[in-house]
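I opened my notebook today to look through one structure, element by element. Here is the sequence and model I had on screen.

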Amino acid sequence: MDWSMLLRSHALGLYMVGMIGLLAFAVVYGFTAKQRKYRDDERMRRIQNSLDRLTRAAGEIYPAIMNKNHSAHTNQTAFPVPAESVLACKAATYASDELLERIDQYMEERDRKSLVLLYRTLDSDIRRLTRERKMVLARGEHPRWGLLLWLTIRPAIPFIVIIAESLLLWNLWHDLSTAMSVLPSSVALFAILRFISCTGALIVLYAVITADFRENARRLVFIWLALLISGLCFIHIFSLQAAPYLLIAQILIFVTGFRFTREPKRKERPFVGEYE
């Protein structure tokens, strides 16, 4: 056997595989980066559109609430501010649920109290959207060192996930092949459950990493739940027999997440204008 020929053929095969992998990485990275740029631009457009509508309405309401002559005894058929400006806020993409409620309340009551509450909620939404716009601009134009590194790595995450899932599939195939020839059949079941556990954790972690969370305190809950579900996968290293219990624990944590990440009800907000 010509060992030099064999080594050259293997080297050529590895080179071809490496080139294909590099090409796939470039395609996935470029597509993800372009998609990310489009999403940031679209988000900025929605924020600016919402701010335009809300600030216009707030600017027209402010003189009215400063006018002490407008009171509960004012003619209910007359609006101190144009109804079009107030109703236009409903079309704002990022108008909060509380703002929509305040608009409906004012359109029904049309008194000074409802107008003041509407203005306070408008001011709260404007402040929130202004902070969010500043954050998006800083991320794109003046990123910090750590953020710049993260923005560079982030488009490669889909490719990394594909590689990780391929390794999980290869490991599953290896375990099933071994179980069929040597080990008890129960090992095959444990191997399948471990694959389901690791794949589910990978999906949850990927969803949280790539999600575009807006100004929302619940995003920390999403992150901690995803890290907890993913962290349980490391226990698989020590015991294959633990797979059923770990999978059940992950399912319970996932179901519990619906309780901790739900939208708060209106009565659970302690004061007017609170976003969360």
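Predicted model: local features only at pLDDT ≥ 70, side-chain atom pairs only at ≥ 80, totals over all residues.

My entries below go from the overall fold to single residues.

**Entry 1**

I looked up the secondary structure and found 9 helices and 0 strands. Reading along the sequence, I wrote down the pattern α-α-α-α-α-α-α-α-α.

Next I checked confidence. The mean pLDDT of the protein is 81, and 82% of its residues reach 70 or more. Confidence is lowest in helix 1, at a mean of 81, and highest in helix 9 (residues 243–260), at 90.

I flagged two stretches for myself. Over residues 72–77, pLDDT stays under 50, and the model has 5 contacts there beyond four places in sequence. Over residues 270–276, pLDDT also stays under 50, and here the model has 19 contacts beyond four places in sequence.

**Entry 1: overall burial and surface**

How much of the protein is buried? I found that buried residues make up 35% of its 276 residues. The protein exposes about 17600 Å², and carbon and sulfur atoms supply 69% of that area.

Of the contacts with a separation of 6 or more, 75% are between residues 24 or more positions apart.

**Entry 2: the nonpolar cores**

The largest nonpolar core has 26 residues. L54, I61, V86, L99, L118 and L122 have the most contacts inside this core. Helix 1, helix 3 and helix 4 (112–141) are the elements that give two or more residues to it. Helix 1 gives the most, with 9 residues.

Which residues does L54 contact, leaving aside its neighbours within four places in sequence? I listed C89, A92, L99, L122, D125, I126 and L129. Two names in that list, L99 and L122, also stand among the core residues with the most contacts.

**Entry 3: the salt bridges**

I counted 10 salt bridges in the model and followed three of them.

R36 and D40 came up as a salt bridge, with their closest N and O atoms 3.7 Å apart. The two residues are 4 apart in helix 1 (residues 3–66), so about one helical turn separates them. R36 and D40 are both buried.

D104 and K90 were next, with 2.5 Å from N to O in their salt bridge. D104 lies in helix 3 (residues 97–109), while K90 lies in the loop between helix 2 (83–88) and helix 3, so the pair ties together parts that are 14 residues apart in sequence. Are these two buried, partly exposed or exposed? D104 has a relative accessible area of 40%, so I put it down as partly exposed. K90 is also partly exposed, because its relative accessibility is 40%.

One more item belongs here: salt bridges that share partners join R36, D40 and R139 into one network.

I looked up T199 and found it in helix 7. Its relative accessible area is 14%, and the cut-off for buried is under 20%, so T199 counts as buried. Not counting residues up to four places away in sequence, T199 touches E165 and L168.

W224 sits in helix 8 (residues 219–231). Buried or exposed? At 62% relative accessibility, above the 50% cut-off, W224 counts as exposed. W224 also belongs to a nonpolar surface patch of about 520 Å². I wrote down L220, F222, I223 and L227 as the other residues that make this patch.

Notes: Residues numbered from 1 in each chain as written. Heavy atoms only, no water. Patch = residues over 30% accessible without salt bridge, like charges linked within 9 Å, V, L, I, M, F, W, Y side chains within 5 Å. Areas by Shrake-Rupley, 256 points an atom, 1.4 Å probe, with all protein chains shown as cover. Salt bridge = Lys/Arg side-chain N within 4 Å of Asp/Glu carboxyl O. Buried < 20%, exposed > 50% of the residue type's maximum accessible area, 1.4 Å probe, protein only. Core = buried A, V, L, I, M, F, W, Y, C linked by side-chain atoms within 4.5 Å. Contact = heavy atoms within 4.5 Å. pLDDT = per-residue confidence, 0-100.
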